[in-house]
Amino acid sequence: MPGPTLGATGDQSSDASGAATSETAPTDPLGGAPSRGAVVVLGGLAALGPLTTDLYLPALPALTSDLGSTAATAQLTLTGSMFGMAAGQLLFGPLSDRLGRRPPLLVGMAIYTLATVVCALAGSVPLLIAGRALQGLGGAAGLVIARAVARDRYEGVAMIRFMATLGVVSGLAPILAPVLGAQLLHLTNWRGTFVALALVGALLTLGSALALRESLPPERRHTDGIGSTVRAIGGLLGDRHFLGYLLTSTFAFGALFVYVSGSSSVLQSEYAISPQMYSLVFATNSVAVVGSTQLNGRLLVRKLPAPTLMLLGLCGAGTAGAAIVLTTGVWNLGLPGVWPALFLLMASMGILVPNSNAQALTMAPHAAGSASALIGTGTFLCAAVVAPLSSAGGRPSALLLGVVVLGCAVLATVCYVTLCSPWRKKEPA
């Protein structure tokens, strides 16, 4: 089924194979361009994942003590949230292809808000883990449907630019969330952190209801029940090019997340830096991903074909992983050697992740919700697997972190080169 017909501009971009295509202007299938309010709400939905994960991290020690638990058990609240987000995207993505974008989004955000209230009132860690899993399940609706709406409304360069805008918001959220969480602890306890998240959920639910119009018209919905959904997912996984972009995005996010999840303990324990110094390192590297995302969306996608951008991001990530391994395992250069490599890694992610996601979605105009669900599920499952690997030897290790980054970059490169065949021009469907 063809995607929405959009008005073309004079700019050129590349399709999944690198062939030149016209940039198309944003539009709403039901009439009118997306409003600024809709863009703000979609940005908030895209940031909900990192905000949910990172805002309460400064309160984790206090939470553990207050509920009489252990640090290892309390860490399961993070795992529960990630698995909830992975499962939720598989649920809400296909549902949005059948029912439209708005109904599943509103239901998911209502679940998120109510589950967050449960977390705030939890009297034990098992109940908190269950609440976090349900919170992740509901919040996944916002993550997956924000990408699907982008696919509904945009084509070509316009879609990549819009996803770059969402990427900036998602990149800023991990920078601001721990700082905001720490400041909240001056005013309230760990339960107040979840109250704040519940307020965010309520505001996004209200904003979704008021600002977001339906972007998937009835004639483009899947109406054949669960069988249609299964066939759509099976068809996507059977398309080697889509599978290539999916796996490339998944392993690229694995390299990103092992840094996000492990850098705090690795850098502070191995290089004895203060929390304030770590915050400076993390903020600097986050600026790298935000800057490269904007550079990619505003300039690079207009000047370079898609395969060139993909290979540029992959080479950057692989070089960063190799540099971390060499500066920790061979030359032992300390933080001055590791910091630039981490900066390069994050800058590469700003090019690699938006382009791989956009190219995958470009190949699925008939099932954008299912495609978005597969992308989100793959990345969150990979994140859950790689999160503990930087401490697999019993203590945090910069060398292990570098090995995982390099391994993920190599796997992403192999998947892209072998499945997407970037040197071949794909015939149009």
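The protein chain averages a pLDDT of 80, and 83% of its residues score at least 70; pLDDT is the predictor's confidence in each residue, from 0 to 100. Residues are numbered from 1 along each chain as its sequence is written, and side-chain values use heavy atoms, with hydrogens and water left out.

Where pLDDT is low, the predicted coordinates should not be read in detail.

Now for the overall build. The chain's secondary structure comes to 14 helices and 2 strands, taken as DSSP runs (helices H or I, at least four residues; strands E, at least two) and numbered from the N terminus. Of the contacts with a separation of 6 or more, 82% are between residues 24 or more positions apart. Out of 429 residues, 55% are buried, meaning under 20% relative accessible area with a 1.4 Å probe, protein chains only. The accessible surface is about 16700 Å², 71% of it belonging to carbon and sulfur atoms; that area comes from the Shrake-Rupley method with a 1.4 Å probe.

Leu267 is buried, with a relative accessible area of 2%. Leaving out residues up to four places away in sequence, Leu267 touches Ala272, Ile273, Tyr278, Val281, Leu335, Val338 and Leu342. Take Tyr278: it sits 11 residues from Leu267 along the chain, and their C-alpha atoms are separated by 7.2 Å.

A cavity here is a set of points, on a 1 Å grid over the protein atoms alone, where a 1.4 Å probe fits but cannot get out; lining residues have an atom within 4 Å of a point. Grid points are joined across faces, edges and corners, and a volume is the space filled by probe spheres set on the points.

The largest cavity holds about 50 Å³. Its lining is made up of Arg101, Arg102, Leu105, Ile145, Val149, Arg153, Leu212, Arg213 and Ser215. Helix H4 (102-121) and helix H5 (125-153) are the elements giving two or more residues to that lining, with H5 providing the largest share, 3 residues.

Conventions: 1 Å grid on protein atoms, 1.4 Å probe; cavity = no way out; pocket = protein on both sides within 12 Å on 5 of 7 lines; lining within 4 Å. Buried < 20%, exposed > 50% of the residue type's maximum accessible area, 1.4 Å probe, protein only. Contact = heavy atoms within 4.5 Å.
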